[in-house]
Amino acid sequence: MTPTHEPHNPTERDDLSPEALAEVDTWFAQQHQDMGVDLTDILDLNTGLHEILLAGRHRDTGVDLAGMLDLNAGLAAILPAATEGGAASTPLNNLDDLLGRVEAAPAARLINRDQLQELASDIDILNALQHAAGTGNVRVRARDLDRALNRERVRTRERLLAELRDHALDLDRAVARALDHDYSRDGDLVAAFTSARTRALSLAEALNDSRTLVFARAQDMVLDRSIALAQARARDLALALACARDLARDLDLGLNDKVRARILTLAPALSSTMCEAAVRSEVGILIRMISQEPSADTSWLNLTIIDAVVPGRLRDLADDFIAADLRRVNLTGLDLIGVRWSRTTTRWPDADEEWILAASEPGPCGIYIIRAAPAPGGLMVAPSPTPVEV
Amino acid sequence: MVRDRNESDSPMHAPPLDQERLGAPDAQYDAPFSEFYKNFMPSLVRFLLWNRVPLADAAEIGQETMAQLYRLWPTVTDKRAWARKVASRRWVRRIADDHREQLVDSDDLARSTLITSDKIHDYEQHQELLCLLDTLPPRQRQVLAWTYDGYTPAEIAQELQIDPATVRANLLKARRAAARHMRGDQR
């Protein structure tokens with residue numbers, strides 16, 4: 001290290017020889033080196049390093065938690081019921097988000113329970129159809145459909161009853177036509193029609209059992225809605241059956257085995273298409289229910305990858321009103337059978353608490369299930385045994 | 001003189017401010033940062049001591065600077081030069097603070113969790129150097145600190161954004177003062 005500038009003070013020039021400067025350089029360098037070694041001993045570097053790494057990871061944990069926690073649901077649980085649907089200003093783009101918003105709107109859920117249950121059923125059916133289409137096995141399809149319909153037979157009552165009767169009649173005609181035209185050799189086709197007819201009639205018979213309950217609640221507005229829905233569905237079914245009749249007419253015209261094979265191919269596809277349209281329509285209704293907007297965009301809905309747990313979650317949303325604030329809901333005409341609620345955390349309108357309690361069966365942990373839903377004021381006697389307060 | 005520098009001579013890019021808010025970098029950087037920290041942290045504290053920053057403050061500022069560097073790790077190219085400059089600025093900001101100015105007078109070692117008290121006598125052996133540095137103006141101390149960390153006058157001038165001739169002049173003055181100090185001449 002050689003200085004390139006001469007000192008400005010002439011007296012300093014005399015003080016310093018090159019040897020003296022070299023000595024200074026050596027001393028500085030030695031001090032510099034020694035101090036570095038000493039500092040390595042003085043400083044607790046491991047502690048310092050961990051402090052920095054932990055601080056960084058702690059900050060990251062905060063970021064991760066934001067993704068892990070369902071903040072919308074948490075916020076909705078804190079905010080009063082009056083803000084239901086307030087978060088709907090953000091556009092929906094996935095089913096999970098929609099269900100989250102529905103969950104955070106208990107009043108809307110209670111009013112639209114039938115809609116949630118129908119959507120659950122239709123997704124079940126759609127999944128069964130898609131599964132059957134994947135396997136190509138008619139019997140598997142029939143079995144899955146049977147299971148899906150069985151799960152919902154009590155809830156769909158009058159709506160499915162009318163629909164299934166019409167269906168059975170049309171199937172009867174189709175079977176008769178097939179037999180008349182001596183297509184009994186096509187054992188699969190006839191067996192499938194016959195099996196479907198038998199199943200439809202047995203379902204209709206089972207559903208008949210619940211008609212008494214339905215008629216007992218004739219003043220219930222739900223019935224009107226169910227009938228309207230059943231009629232709409234019957235119209236859809238009529239359209240599908242018209243297509244089937246066209247195909248049958250083709251058969252009448254003496255087409256060959258290839259046409260029969262084509263019918264068997266088209267039938268499940270037609271069912272899937274109808275079911276997909278129904279699911280998409282029902283999801284649109286849910287979106288309108290949450291957003292309070294006149295229209296709903298369901299273009300984001302991918303019907304080929306609906307999670308199998310969605311129907312179960314929808315049914316939970318339709319039934320689970322534990323910790324829900326329902327004070328602003330007008331219960332008149334609502335179907336409340338199957339609703340789970342808590343005597344400590346569910347808040348009903350003051351005027352309805354007594355008859356709801358009377359119509360409910362106590363379960364474990366202070367949870368009640370509404371088993372009968374008489375008109376307000378119909379039953380005023382508290383059930384026995386009285387559940388333990390939680 | 002051991003050249004205490006990064007091998008890279010690439011220019012140091014100032015990272016965007018927003019990146020400081022990104023939190024910790026990817027975990028893949030933990031290992032290289034840990035190695036860098038263990039190797040360079042004593043050098044950074046020594047650099048601050050040569051600028052006559054009290055030991056406790058030097059440890060604190062060094063730690064704060066390293067924490068900032070960790071967050072910006074992927075974006076800083078010449079990490080050693082960056083750390084020295086940031087640490088120097090932190091110290092200037094600290095002494096500009098009226099509250100901190102009172103604390104600067106007392107080197108309260110307990111303030112830093114990094115300092116192990118049983119080895120503190122090693123540091124005290126450098127009192128002669130520290131007394132000498134106390135007699136130098138800040139600019140000369142600054143130039144000495146960069147010089148003995150292995151930087152040439154031209155590089156120091158570039159880092160401090162001053163004229164290279166100024167660097168050389170200050171370095172010469174510091175050496176002359178040191179020589180007089182060693183001879184016991186207090187002029």
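Contact here means heavy atoms within 4.5 Å of each other. With that in hand, let's look at this predicted model, which scores ipTM 0.72 and pTM 0.40.

**A buried glutamine in chain A**

Start with Gln115(A), which has its place in helix H7 of chain A, a helix covering residues 113-135. Is Gln115(A) buried or exposed? Its relative accessibility is 9%, and buried means under 20%, so Gln115(A) counts as buried. Which residues does Gln115(A) touch, if you set aside its neighbours within four places in sequence? Those contacts are Glu282(A) and Ile285(A).

**The two chains**

Here's how the chains line up on a few overall values.

| Property | Chain A | Chain B |
|---|---|---|
| Secondary structure | 14 helices, three strands | nine helices, zero strands |
| Residues that count as buried | 40% of 390 residues | 53% of 187 residues |
| Accessible surface | about 21,200 Å² | about 8,700 Å² |
| Part of that surface on carbon and sulfur atoms | 56% | 49% |

Reading chain B from the N terminus on, the elements run α-α-α-α-α-α-α-α-α.

**Two packed helices in chain B**

Two packed helices are described by the angle between their axes and the distance between the axes. In chain B, take helix H7 (residues 138-148) and helix H9 (residues 164-182): they pack at an angle of about 95 degrees, and their axes are 9 Å apart. Since 65 to 115 degrees counts as roughly perpendicular, that makes H7(B) roughly perpendicular to H9(B).

Who meets whom? On the H7(B) side you'll find Arg139(B), Gln140(B), Val143(B), Leu144(B) and Thr147(B). Facing them from H9(B) are Val167(B), Asn170(B), Leu171(B), Lys173(B) and Ala174(B). By type, the residues of this contact between H7(B) and H9(B) divide into five nonpolar, three polar and two charged.

Chain B averages a pLDDT of 77, and 72% of its residues score at least 70. Where does pLDDT stay under 50 in chain B? That stretch is residues 6-22, for which the model has 25 contacts beyond four places in sequence. Where pLDDT is low, the predicted coordinates should not be read in detail.

Definitions and conventions
Residues numbered from 1 in each chain as written. Chains lettered and ligands numbered in written order. Predicted model: local features only at pLDDT ≥ 70, side-chain atom pairs only at ≥ 80, totals over all residues. Heavy atoms only, no water. pLDDT = per-residue confidence, 0-100. Axes fitted to C-alpha atoms, helices over the stretch in contact; angles between N-to-C directions. Helix = DSSP H or I, 4+ residues; strand = E, 2+ residues; numbered from the N terminus. Parallel < 35°, antiparallel > 145°, perpendicular 65-115°, else oblique. Nonpolar A, V, L, I, M, F, W, Y, C, P; charged D, E, K, R; others polar. Buried < 20%, exposed > 50% of the residue type's maximum accessible area, 1.4 Å probe, protein only. Areas by Shrake-Rupley, 256 points an atom, 1.4 Å probe, with all protein chains shown as cover.
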